[in-house]
Amino acid sequence: MTITRAISAVLCAIVVPVSACSASMSAGASLSEEKTEKQLAQLLEKQTGVRPDDVDCPGDLPGKKDAVLKCSVSATGETHTVKLTVTEVDGTNIKFRYKVVESTGTSLPANPTVDKATLEKKVADILEQEVGQRPDKIDCPGDLNGTVGETMRCTLTAGTDQLGLTVTIRAVEGSNVDFGVEVDG
């Protein structure tokens with residue numbers, strides 16, 4: 001049995017300790033200043049349970065990989081600088097990471113993030129454990145936000161075969177992220 005056949009039905013889980021956050025939004029060539037501010041306010045409220053008093057971005061978030069925009073967020077009497085970095089652009093869908101980079105007080109609590117290298121290694125470890133053979137390569141497009149329900153598509157290479165796989169965050173407890181891996185069948 002080849003590794004690609006053996007893993008095509010694998011569904012696995014792992015708990016990974018990690019640390020920034022990401023989001024995805026449909027837009028055009030850029031995400032307007034107004035939509036960026038609204039999306040960031042909603043994400044921070046969902047993450048912290050506190051709606052920011054004000055979110056101010058200096059312009060649109062460009063729909064270009066690695067583009068950066070720094071926004072000012074005021075909440076509970078403190079001001080935070082939040083750095084947004086575009087991680088992927090797929091048509092009109094702009095994915096970005098956000099992280100508090102400066103603060104006048106304690107920073108907003110952040111969901112953990114599984115960095116790209118750790119994610120790829122852990123997925124390969126899981127598949128090796130399940131089928132007894134390590135894939136040649138796991139390629140994920142970036143870091144995975146530790147928010148329940150967040151998914152990422154990755155590619156598995158075994159010999160000349162390539163398969164898609166989906167990593168899904170199932171639970172987050174403190175800095176531990178529990179995710180499942182499902183290989184396309």
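**A walk through a predicted chain**

Of the 185 residues in this chain, buried ones make up 38%; buried means under 20% relative accessible area, exposed means over 50%, and partly exposed is in between, with a 1.4 Å probe and protein chains only. This is a predicted model, in which local features need pLDDT of at least 70 and side-chain atom pairs count only at pLDDT 80 or more, while totals for chains, interfaces and linings use all residues. Residues are numbered from 1 along each chain as its sequence is written, and side-chain values use heavy atoms, with hydrogens and water left out.

The chain exposes about 9500 Å², and carbon and sulfur atoms supply 45% of that area. Accessible areas come from the Shrake-Rupley method with a 1.4 Å probe, and for residues only the protein chains shown count as cover. There are three helices and 14 strands. These are DSSP runs, numbered from the N terminus: H or I with at least four residues for helices, E with at least two for strands.

I will start with helix α3. It spans residues 116-131, so to speak its 16 residues, and reaches 23 Å from its first C-alpha to its last, close to the 22 Å expected at 1.5 Å a residue. The expected span is 1.5 Å times one less than the number of residues. Which residues of α3 are buried? They are Leu 119, Glu 120, Val 123, Ala 124, Ile 126 and Leu 127. These residues cover an arc of only 160° around the axis, so they sit on the same side of α3; the arc is that of the directions from the helix axis to the C-beta atoms. On the face turned away from that buried side, α3 carries the exposed residues Ala 117 and Gln 129.

Now the two ends. At the start of α3, a side-chain oxygen of Asp 115 comes to within 3.2 Å of the backbone nitrogen of Ala 117. After α3 comes Gly 132, with a positive phi near 80°.

Glu 120, in α3, has a relative accessible area of 16% and is therefore buried. Its side chain reaches the backbone nitrogen of Cys 140 at 2.8 Å. Apart from neighbours within four places in sequence, Glu 120 is in contact (heavy atoms within 4.5 Å) with Ile 138, Asp 139 and Cys 140.

Next, strand β11, residues 144-145, which holds Leu 144. Leu 144 is buried, at 1% relative accessible area. Its C-alpha is 8.9 Å from that of Pro 112, 32 residues apart along the chain. Again leaving aside neighbours within four places, the contacts of Leu 144 include Pro 112, Leu 119, Met 152 and Ile 169. Asn 145 is also in β11, and is buried at 3% relative accessibility. The side chains of Asn 145 and Thr 147 are joined by a polar contact of 2.8 Å. A polar contact is a pair of N or O atoms within 3.5 Å; within protein, one must be able to donate a hydrogen and the other to accept it, and residues adjacent in sequence count only if both atoms are side-chain atoms.

Last, a loop residue. Asp 66 lies between β5 (61-62) and β6 (68-75). What is phi of Asp 66? It is near 75°, a positive value in a residue other than glycine. Most residues other than glycine have a negative phi. Asp 66 is exposed, with a relative accessible area of 54%.
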